[in-house]
Amino acid sequence: MEPFLPQEVIVERGSEESPIFRNLRKAFPQVPFTLVERPEWAAEAQGGPVDSMSRGKRRLWLTRHRGDFLKKCPGSEGQVCCNYFVVNFASNCPMDCSYCYLQDYLADNPALKVFSNVDDLIAEADRLLSRHRKFLFRIGTGEITDSLALEPYIGFCSEVIPFFAEQPNCLLELKTKSDRVESLLGFDPKGRVVVSWSMNPQRVIEKDEHRTASFDERLGAAYRCQEAGYKVGFHFDPMIEYPGWETDYREMVEKIFAVIDSRRIAWLSMGVLRQTPGLKRIMRERFPSTRLLSGEQVLCPDGKMRYFQPLRVGMYRKMLGWIRKASPTVFVYLCMESKEVWEQVFGFAPSCEKELGQAIVSRQ
């Protein structure tokens, strides 16, 4: 996996007292650090979304987060949601997948930021979990960044894993396309921390998942986490249709189950390529050679473009068949799909997001 080396680290005054600052200093002794009274990252957004997104990934800002860390996953209108909660410890990502929705979502604020006040994050999570002990939460850190891409440099997980491992009513999910798991291996997750990977065949990774770990590197990292006591997850999302996709995805599923003990898999999800019209415009400028712009898609009620429903259903059914052949009992769900698609793939649809969410966490 390509290492990350920022051109500059810009630090908001007060953040230099944090453990993350000390970790960054140790990780980047050759990089200039600039201390500022107040973060001003508007300059990163100048020049339009194409230039700004590339520029935003070159510098790293360390700043305090103002506001709530934890929130409900926004989901997608008209689609079945899984009652997921997200905690944002950073914004933007050093990786550069051609289809990444952050190119559109963060177009006006593309600065690569890490938040230094992790103690406030933990205190906020403690208040929420303590108030609702009878409710089982699934909380992820990978909504607007990759959970582990910056881990070797910031050491975020060493602060949060010990806390979440002790929570009786929560599962923490660390979702990644990296192989940066070394700092996780010395902790006991106590069944409360799941490390998961977004997985695609190597052909897709090479063409459209730039600066990420290879398929074999991701699978090797998953094996190391499994051996260290973690449950693992896999997200086949976004699934991409192209000539020969069936062979590639079937072989990918077979390779995963040949290495990973299915009893250690917390969940699997499936979701096809989703794009907004705005994202497609940005992709044409940033990645003009990507084949992802040539496939036929239709605009769905949530404003996202997807493959035609019969094609999506056929892809999901094939994937589910390959998964069930390897493991008849592993938990599989769809991400951002309608009840109609659920019924055509599984023969049923969850009645509500709480039903699906509780089904996921109660199996762990």
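Okay, let's start with a term: helices (H or I, at least four residues) and strands (E, at least two) are DSSP runs, numbered from the N terminus. With that in hand, Ala-149 sits in the loop between strand S9 (137–140) and helix H5 (151–154). Before I go on, this is a predicted model, where local features need pLDDT of at least 70, side-chain atom pairs count only at pLDDT 80 or more, and totals for chains, interfaces and linings use all residues. Residues are numbered from 1 along each chain as its sequence is written, and side-chain values use heavy atoms, with hydrogens and water left out.

Is Ala-149 buried or exposed? Buried, with a relative accessible area of 2%; the cut-offs are under 20% relative accessible area for buried, over 50% for exposed and partly exposed in between, using a 1.4 Å probe and protein chains only. Leaving aside residues up to four places away in sequence, Ala-149 touches Pro-94, Met-95, Thr-176, Ser-178 and Arg-180, where contact means heavy atoms within 4.5 Å. Pro-94 is 55 residues from Ala-149 along the chain, yet their C-alpha atoms are separated by 7.1 Å.

Now the sheet. Strands of a sheet pair through backbone hydrogen bonds, either parallel or antiparallel. Here two strands count as paired if DSSP finds at least two bridges between them. On that basis, 8 strands make an open sheet with mixed pairing, in the order S4-S5-S9-S10-S11-S13-S14-S17. Strand S4 (70–72) and strand S17 (332–334) are at the edges with a single partner strand each, so one side of each has no neighbour in the sheet. On average, neighbouring strands are turned by 25° against each other, direction ignored; axes are lines fitted to C-alpha atoms, for helices over the stretch in contact, and angles run from 0 to 180 degrees between N-to-C directions.

Let's zoom in on S11, residues 193–198. How many of the residues of S11 are buried? It's 6 of the 6, so the strand is largely enclosed by the rest of the structure. Val-193, Val-195 and Trp-197 point one way, while Val-194, Ser-196 and Ser-198 point the other. S11 runs parallel to strand S10 (residues 170–176), joined by 5 bridges, and Glu-173 stands opposite Val-194. Another 5 bridges join S11 to strand S13 (residues 231–239), also parallel. Across that pairing, Val-194 has Lys-231 as its bridge partner, and Ser-198 is opposite His-235.

S13 is mostly covered too, with 8 of its 9 residues buried. S13 pairs with S14 in the parallel sense over 6 bridges, with Val-232 opposite Ile-265. Helix H9 (residues 245–259) lies across S13 and strand S14 (265–272), at about 175° to S13. Helix H11 (residues 309–326) lies across S13, S14 and S17, at about 155° to S14.

One last stop, and Pro-94 comes back. The second largest pocket has a volume of about 250 Å³, and of its 16 lining residues, the closest to the centre are Glu-2, Phe-4, Lys-57, Pro-94 and Arg-211. For the terms: on a 1 Å grid over the protein atoms alone, a pocket is an open set of points where a 1.4 Å probe fits, with protein on both sides within 12 Å along at least five of seven lines, and lining residues have an atom within 4 Å of a point. Grid points are joined across faces, edges and corners, and the volume is the space filled by probe spheres set on the points.
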